[in-house]
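The following questions and answers examine a single protein model. Please keep the sequence and the coordinates at hand while reading.

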Amino acid sequence: MVESHTRRVLVLNGPNLNLLGTREPGVYGSATLADIQAMVEKRAAELGLSVIFRQSNHEGQLIDWLHEARETCTGVIFNPGAYTHTSVALYDAIKAIALPVIEVHLSNPHAREPFRHRSFVSPVAKGVIQGFGPLGYILALEAAAQF
Ligand code: DQA
């Protein structure tokens, strides 16, 4: 287990988020994932948090990293991308690791297509931040600094 004074947060990003900056900028804005990583690392340092920032397009890889976080992290900030709306496996993984997970979305999925209105992650998340673009990651860090 991680000692209580060591707040280490896994910031996990799911499929297609590697394309931020060029991917549907009208929906997701112009910041790249590297820009978001830089913002997150800067604010984390100010808050005294250590962060591990990762992205994968593969569901199994995301699950492996969640399992790893069980041993190494105190919380997770997770933008699961489209797996949000499809993945029972992510639901199970989050339940299994028993870590606080903050679900983040750049866009507001509830203001979009009906298939985005259902999240398999929200019922097992500590909280959800959506619709604020990259700022959502910073708001999630502020929350993660509290537990
Ligand atoms: C997203 C919203 C999802 O519906 C979508 O599939 C994404 C990105 C967001 O950050 O707004 O890939 O998670």
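Q: Which residues are exposed on the other side of H2?
A: The model is a predicted one, in which local features need pLDDT of at least 70, side-chain atom pairs count only at pLDDT 80 or more, and totals for chains, interfaces and linings use all residues. Residues are numbered from 1 along each chain as its sequence is written, and side-chain values use heavy atoms, with hydrogens and water left out. Helices (H or I, at least four residues) and strands (E, at least two) are DSSP runs numbered from the N terminus, and a residue is buried under 20% relative accessible area, exposed over 50% and partly exposed in between, for a 1.4 Å probe and protein chains only. On the other side of H2, the exposed residues are Ala34, Lys42 and Ala45.

Q: Which residues of H2 are buried, and within what arc do they fall?
A: The buried residues of H2 are Leu33, Ile36, Val40 and Ala44. An α-helix has 3.6 residues a turn, so residues three or four places apart point the same way. The arc is that of the directions from the helix axis to the C-beta atoms. Seen down the axis of H2, the buried residues line one face of the helix, because they fall within an arc of 65 degrees.

Q: What span does H2 reach from its first C-alpha to its last?
A: H2 covers residues 33-47, which makes 15 residues. The expected span of a helix is 1.5 Å times one less than its number of residues. For H2 the expected value is 21 Å, and the helix comes close to it with a reach of 21 Å.

Q: Which elements are included in what covers the buried residues of H2?
A: Contact means heavy atoms within 4.5 Å. Val40, one of the buried residues of H2, touches Val11, Val51, Phe53, Tyr137, Ile138 and Leu141, not counting residues up to four places away in sequence. The cover of the buried residues of H2 includes strand S1 (8-13), strand S2 (50-55) and helix H5 (135-144).

Q: In what order do the five strands form the open sheet, and which are the edge strands?
A: Two strands pair if DSSP finds at least two bridges between them. The five strands form an open sheet with parallel pairing, in the order S2-S1-S3-S4-S5. Pairing on one side only marks the edge strands, S2 and strand S5 (127-130).

Q: What is the bridge partner of Val9 in S3?
A: S1 and strand S3 (residues 75-79) pair in the parallel sense over five bridges. In S3, the residue bridged to Val9 is Gly75.

Q: At about what angle to S1 does H3 run?
A: Axes are lines fitted to C-alpha atoms, for helices over the stretch in contact, and angles run from 0 to 180 degrees between N-to-C directions. H2 lies across S1 and S2, at about 165 degrees to S2. Helix H3 (residues 59-72) lies across S1, S2 and S3, and its angle to S1 is about 175 degrees.

Q: Which elements are included in what covers the buried residues of H4?
A: The buried residues of H4 are Leu90, Ala93, Ile94 and Ile97. Seen down the axis of H4, they fall within an arc of 95 degrees, so they line one face of the helix. On the other side of H4, Lys95 and Ala96 are exposed. The cover of the buried residues includes H3, S3 and S4.

Q: Is Ala98 buried or exposed?
A: Ala98 is found in the loop between helix H4 (88-97) and S4. Its phi is near 50 degrees, a positive value in a residue other than glycine. With a relative accessible area of 67%, Ala98 is exposed.

Q: Which residues does Arg118 touch?
A: Arg118 is placed in the loop between S4 and S5. Its relative accessibility is 55%, so Arg118 counts as exposed. Not counting residues up to four places away in sequence, Arg118 touches Thr84 and His85.
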